[in-house]
Amino acid sequence: MTGQVPVLLCLAVLAIFGTVPKLLEESGTPAVPWIQLPFISHNPLILRCPGGQRSGRIYWQYINGSVLTAGKARTIAGPWAARYYRGPLKELKLRSRVHWDQLEIRPAWVGDSGLYVCKDGGRTLACYQVEVQDATRLHVSHASLGQGVLAKLTVPQLAQLFTSWGPWQACDRCGAPGERKRLGYCYARAASTPEGLAVPCGLLGVELPHHGPELRVEVCQVNCPLLPRPAHPPTQTRLARPGQSTELACLGASIHVPVSWQRDGVPLTRLGLLRRRGNAAHSLDPLTGGATYHIARVAASDRGLYRCLVNGRQASAFRLDLPAVPHRRRFDLGRLLAVARALVATFAALFVSSAILELVGCSSDSTHHLCY
Ligand SMILES: *[C@@H]1O[C@H](CO)[C@@H](O)[C@H](O)[C@H]1NC(C)=O
């Protein structure tokens, strides 16, 4: 039954919040922030626990399901996370960790949607109702290719769906033409409350048509700030056979930060790759905002040094190489005969020498009965 307490507490806060927040404070219970947030799958999910900075006792509980169908609260990160979980809960726990006052889930999946409650001992510090939107439904549009963004969608008598855009990220490189991106989440406003608060689409509590998150990309160019030359990350060697596919995953990159790639010092941009019709084998993974560089069919001409930058800093370096194909030895009868001849000669020599040794042994010891 104790598992239900955070849900009830969060529900109480939700019910009262905004209408009579003073009531909670007066009754001695500080108001617990209740926040509804969207995230995107295949990327990190980070939640802050307000007021829980450095106690070292912060832990996070997860409740699967919506407010109405909430299951039991399970501690997934922090000092009291249980070890005996199975299935998706175990999976979630393995991807979760507490870092200072934050819960980090790397990466988040759609199934991680639910309630996240931050606690310090018996105190509940925050409740988050989280929807992880599906990156595989991401609508990517490049302004420079004339691609449009999703239009507002009105579902009669139900809701209006639209994209709520985040801020533009910094340009992904400096001193050369680069690209910048911004992420938008699907938000919905119920038709019954046209002036009401919009919520992440999955949290409206009604079955809605498909309207995924969005990624908008445009070109940019900025000047280089004068920074001390950062240390280069160690170069990893990546071997691939011709025709095989390979993936280069940039450390610390995600859809939420500027990521850029270069090959042998030459910038690789989304636009450049999209326009290179002849070689559609190379692409930047849209699900992670370009954190992974894909080569669908490796060719000898793909050899090179690939580097990625995150927030303008060198993050990973890969030397892509194709292993030298061993020279197939042709069946050579001449060589085989030569080897056979050498073997026969060796055996013959051994036989002759052992016979000679035996003869010498017998003559030097004539009393040995075995010799006669
Ligand atoms: C939550 O429940 C849904 C639906 O039953 C399931 O698909 C998902 O894996 C669950 N997530 C976790 C983390 O337990």
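So, which residue in S22 is the bridge partner of Leu305? Hold that thought for a moment while I get the housekeeping out of the way. What we have here is a predicted model, so to speak: local features need pLDDT of at least 70, side-chain atom pairs count only at pLDDT 80 or more, and totals for chains, interfaces and linings use all residues. The partner of Leu305 in S22 is Arg319. Strand S21 (residues 304–310) pairs with S22 in the antiparallel sense, over seven bridges. Pairing here takes at least two DSSP bridges between the strands, and the elements themselves are DSSP runs, numbered from the N terminus: helices are H or I with at least four residues, strands are E with at least two. The S21–S22 hairpin has two residues between its strands, and Asn311 takes a positive phi there, near 55°.

S22 (residues 313–321) also has a parallel neighbour, strand S15 (residues 235–239), joined to it by five bridges. Over on that side, Arg238 has Leu320 as its bridge partner in S22.

Now the ligand. Around it sit Tyr62, Asn64, Pro88, Leu89, Leu92 and Gly111, where being near takes a heavy atom within 4 Å. By class, that shell has four nonpolar residues, two polar and no charged. For the record, Ala, Val, Leu, Ile, Met, Phe, Trp, Tyr, Cys and Pro count as nonpolar, Asp, Glu, Lys and Arg as charged, and the others, Gly among them, as polar.

Look at Asn64: an N or O atom in its side chain is 2.3 Å from a ligand oxygen. On Gly111, a polar backbone atom is 2.9 Å from a ligand nitrogen. The cut-off for a polar contact is N or O atoms within 3.5 Å. Taken alone, the ligand exposes 360 Å², and the protein buries 52% of that; the areas are Shrake-Rupley values with a 1.4 Å probe. Strand S3 (58–64) and helix H3 (87–95) each give two or more residues to the shell, and H3 has the largest share, with three.

Arg106 and Pro107 are joined by a cis peptide bond, with omega about -15°, and Pro107 is in the loop between strand S6 (102–105) and strand S7 (114–120). Gln157, not a glycine, has a positive phi of about 65°, in the loop between strands S10 (153–155) and S11 (159–165). Is Gln157 buried or exposed? Exposed, because its relative accessibility is 77%, and the exposed class starts over 50%, with buried under 20% and partly exposed in between.

How values were computed. Residues are numbered from 1 along each chain as its sequence is written. Side-chain values use heavy atoms; hydrogens and water are left out. A polar contact is a pair of N or O atoms within 3.5 Å; within protein, one must be able to donate a hydrogen and the other to accept it, and residues adjacent in sequence count only if both atoms are side-chain atoms. Buried means under 20% relative accessible area, exposed over 50%, partly exposed in between (1.4 Å probe, protein chains only).
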